[in-house]
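Subject: Handover of a two-chain model

Dear colleague,

Please find the structure below, with its sequence. I would be grateful if you could read the notes that follow it.

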There are 2 protein chains.
Amino acid sequence: MAKDGIGDEFDLIARYFAPLAAGAAGALGLTDDAAIVDIPDGMRLVAAADALVAGIHFLADDPPGDIARKIVRVNLSDLAAMGARPIGLLLTAVFPRDVTAQWLEEFAGGLKTDIEAFESPLIGGDTVAGDGPLTLSLTALGAVPSDKVLTRAGAKVGDGIYVSGTVGDGALGLLATGGGLAGLGPEGRDYLVGRYRIPSPRLDLGIRLLDVAHAAVDLSDGLLADLGHVCDCSGTGARVRIDSLPLSPAARASVTADPELWPKILGGGDDYELLFTVPDDKETAVSEIAAALGLDLSRIGVVTANAGVEVEDAEEMGLNLSDLGYRHFS
Amino acid sequence: MAKDGIGDEFDLIARYFAPLAAGAAGALGLTDDAAIVDIPDGMRLVAAADALVAGIHFLADDPPGDIARKIVRVNLSDLAAMGARPIGLLLTAVFPRDVTAQWLEEFAGGLKTDIEAFESPLIGGDTVAGDGPLTLSLTALGAVPSDKVLTRAGAKVGDGIYVSGTVGDGALGLLATGGGLAGLGPEGRDYLVGRYRIPSPRLDLGIRLLDVAHAAVDLSDGLLADLGHVCDCSGTGARVRIDSLPLSPAARASVTADPELWPKILGGGDDYELLFTVPDDKETAVSEIAAALGLDLSRIGVVTANAGVEVEDAEEMGLNLSDLGYRHFS
């Protein structure tokens, strides 16, 4: 990675990335071929990998710190959906050849913020200077108790379907990065853009759901698509009431002013909230978790025996669900 | 990943990649957010990540199966250097938008070959269709006994320095992909290109070295650079005799015909052999391992107290080592 002002790959790792491994003995200061990690007794390893590409998953001129934080959070969200606690991260980055020292500093600064916030050190990776767009790939490692399991499979007919936080903010936030949205002032726009750029992985929620939920998924592909994944993996269907979806004030204002935004809320993705299913006798536990975490957990529907996902009240709203890029609707 | 003939991301994963997770229960058929992996009692996790980009680490028109096998082998080589046994792989792939079904089939075929050969199933990952060059990132997970450790650090003054197999083939093979090399017929050229395209991770050797070697590294950056890493991490120096380097017949013929190729052999990298250091009283064990594995293990020098790497006989050969991209030479 020879580059005036940046130095070669070793300089770059030493200057910007090795400090992010501080405190993780097994990262070996990022000087070795691989990291060595102890998985505590009674725990199993959970591993998730995601790639983010400039122009697809973020904009090339997004703030570098936000880009770094997004890839960390997107991957930690995958751990959250399985109830895992983070152990460490491996990052491979293909930087454009004209990347500047200032850009790298801001990128490393964003990484540092979230590595500390989520107690998930950088334990390895690779850097390359390439001709294509900035391309990041992150593997998040976590641990989950060996005697507990939370996956997309396991939903049972009759389970209540819940989501954390609010849905649709990510997709509307992406739209808002390109300009104004109907019904929104600058404050609402900033809120949605922030939700798109810096999602909140629900790690504490995931860990608590290990004892409560039958199945969970994080909302990355879109509400209906991700619920469809749960149904496919569980051999069930689902029925969702569109008027029960928890919307932020900004999303509510937008979709009220422009009902054609509803498909974005149902199909847009990028929320990184958790969707999970819970048997009747655990609904009290859900309320207790919501209170303990100070996080809204809203019941949006029920797991059914019919294949596919039904959305109640969609027709009255004139929604054509087949336009949502959602393959599982029957 | 909507694409005529290829299908979307879910189709692509189901058709080409999910079969590669067969037999790995924790991969959850690649349908979930993350993989769940049991690390056996008494073992620690080892994790390594590398990125390979078309035009930098391989040629865009290399056979797709060879590209797949190379990224698997490069990562497994990192595990080998730490004496780890593979557990599984997470692959993120940014494919060009015009990727064809035939290309993907050949790519997945190459993956399958090596996943089976090295008993290292695909347990997770991500696929994206992008505008840039084919960009692959692989995280290899492995396990090593908790009471043993093999890293770049640990070399002791007086240790013998050994390399497995032959050195310089990778760098000469890369040169040979662009045309003929002096002194070589088509057979020798094919041998070197094959060594460049499909390196051999020395996993069995690494596991045996856990009881024998003080330090190890795989030869990816180049013989002198990687030996320099060992010296830096161990707080030692090294002295290497250039006439003791093990060369393949093809590399020997090339460098004899054109001595200006010597810098490629010392500095070129891409061999993915192991370099390791061994105390005097373990030299017999090295011979026994060589015999057991049917793999040449050659003594090329000695660990010294002086910082830096000395190459004996380099001056008589007119080599200017400062041209080798090697930063550690004093």
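The notes below concern the relation of the chains and the surface between them.

This is a predicted model, in which local features need pLDDT of at least 70 and side-chain atom pairs count only at pLDDT 80 or more, while totals for chains, interfaces and linings use all residues. Residues are numbered from 1 along each chain as its sequence is written, and chains are lettered from A and ligands numbered from 1 in the order in which they are written.

Contact joins 47 residues of chain A to 47 residues of chain B, where contact means C-beta atoms, placed from the backbone, within 7 Å. Elements giving two or more residues to the chain A side include α2 (64-81) and β2 (43-53); helices (H or I, at least four residues) and strands (E, at least two) are DSSP runs, numbered from the N terminus. The most comes from β2(A), with nine residues.

β2(A) also pairs with β1 (residues 35-37) of chain B, in the antiparallel sense over three bridges; pairing requires at least two DSSP bridges between the strands. A:V46 stands opposite B:I36 in β1(B).

With kind regards

Note on methods
Two residues are in contact if their C-beta atoms, placed from the backbone, lie within 7 Å.
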